[in-house]
Amino acid sequence: RSPLLSTLNMHGCRSITDAALKAVGSNCKQLTNLDIGSRRSEIMTDAGVVAVACGCTQLTTLNLGGCWREITDAALVAVGSGCPKLSWLDLSYCFNITDAAVVAVAAGCPQLTTINLGGCGNITDVAVMAVASGCPQLTSLDLTSCGNPNVTDAALTAVASGCPQLTYLNVAYCYHITDAAV
């Protein structure tokens with residue numbers, strides 16, 4: 001038990017299971033920063049992330065980047081409803097998330113300043129537009145290799161009008177972005 005723990009970095013710890021994440025959710029109520037990215041294993045599932053989202057409602061930073069196929073929309077819907085203070089979120093290379101996940105996060109986490117969706121090939125303009133309308137404090141958006149061919153100029157137009165504080169935008173390898181959006 002670590003009731004005062006505020007930061008936990010388990011980046012790349014491939015042997016961490018849902019049981020450990022459920023323990024974190026139950027015992028670390030003051031947790032504000034959690035890094036469980038770059039796991040590439042199948043012993044952690046949505047259930048572990050849901051337990052963290054439900055139990056660690058003070059989270060401001062969450063790294064799930066590189067969780068490849070383990071994380072789906074169900075986990076992110078829980079994050080959107082359970083972590084309203086979230087300001088930094090890395091979902092890069094979470095291959096199974098779709099627009100539904102990003103829409104839920106954008107609706108439930110209006111304090112987001114940074115979101116990394118790089119390599120999330122299933123998202124479309126719908127997800128990016130939800131972020132643009134739901135996260136007005138956004139300063140950093142990474143869409144590298146994102147949603148081809150489903151992220152287009154329409155998404156960037158929404159970001160330009162909905163995110164006035166944006167200072168970093170990465171659209172590398174988004175082949176359907178044209179001069180019109182730039």
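Mentor: Let us begin with helix 5, whose buried residues pack against helix 4 (99-108), strand 5 (114-116), strand 6 (140-142) and helix 6 (153-162). Contact here means heavy atoms within 4.5 Å, and helices (H or I, at least four residues) and strands (E, at least two) are DSSP runs, numbered from the N terminus. This is a predicted model, where local features need pLDDT of at least 70 and side-chain atom pairs count only at pLDDT 80 or more, while totals for chains, interfaces and linings use all residues. Residues are numbered from 1 along each chain as its sequence is written, and side-chain values use heavy atoms, with hydrogens and water left out.

Trainee: Which are the buried residues of helix 5?
Mentor: In helix 5 (residues 125-134) they are Asp 125, Ala 127, Val 128, Ala 130, Val 131 and Ala 132.

Trainee: Why does Asn 63 count as buried?
Mentor: Buried means under 20% relative accessible area, exposed over 50%, and partly exposed in between (1.4 Å probe, protein chains only). Asn 63 has 8% relative accessibility, so it counts as buried. This residue lies in strand 3 (residues 61-63). Leaving aside residues up to four places away in sequence, Asn 63 touches His 11, Leu 34, Asp 35, Ile 36, Gly 37, Trp 88 and Asp 90.

Trainee: What makes the pairing of the Asn 63 and Asp 35 side chains a polar contact?
Mentor: The term needs a pair of N or O atoms within 3.5 Å; within protein, one must be able to donate a hydrogen and the other to accept it, and residues adjacent in sequence count only if both atoms are side-chain atoms. The contact between these two side chains is at 3.2 Å.

Trainee: Why is helix 1 called roughly parallel to helix 2?
Mentor: Helix 1 (residues 18-27) and helix 2 (residues 46-55) pack at about 5°, with their axes 7 Å apart. Angles under 35 degrees count as roughly parallel, over 145 as roughly antiparallel, 65 to 115 as roughly perpendicular and the rest as oblique, so helix 1 is roughly parallel to helix 2.

Trainee: What makes the pair of Tyr 93 and Phe 95 edge-to-face?
Mentor: Rings of Phe, Tyr and Trp (its six-membered ring) pair if their centres lie within 6.5 Å; planes under 30 degrees apart count as stacked, over 60 as edge-to-face and the rest as tilted. The ring centres of Tyr 93 and Phe 95 are 6.2 Å apart and their planes at 85°, so the pair is edge-to-face.

Methods. Axes fitted to C-alpha atoms, helices over the stretch in contact; angles between N-to-C directions.
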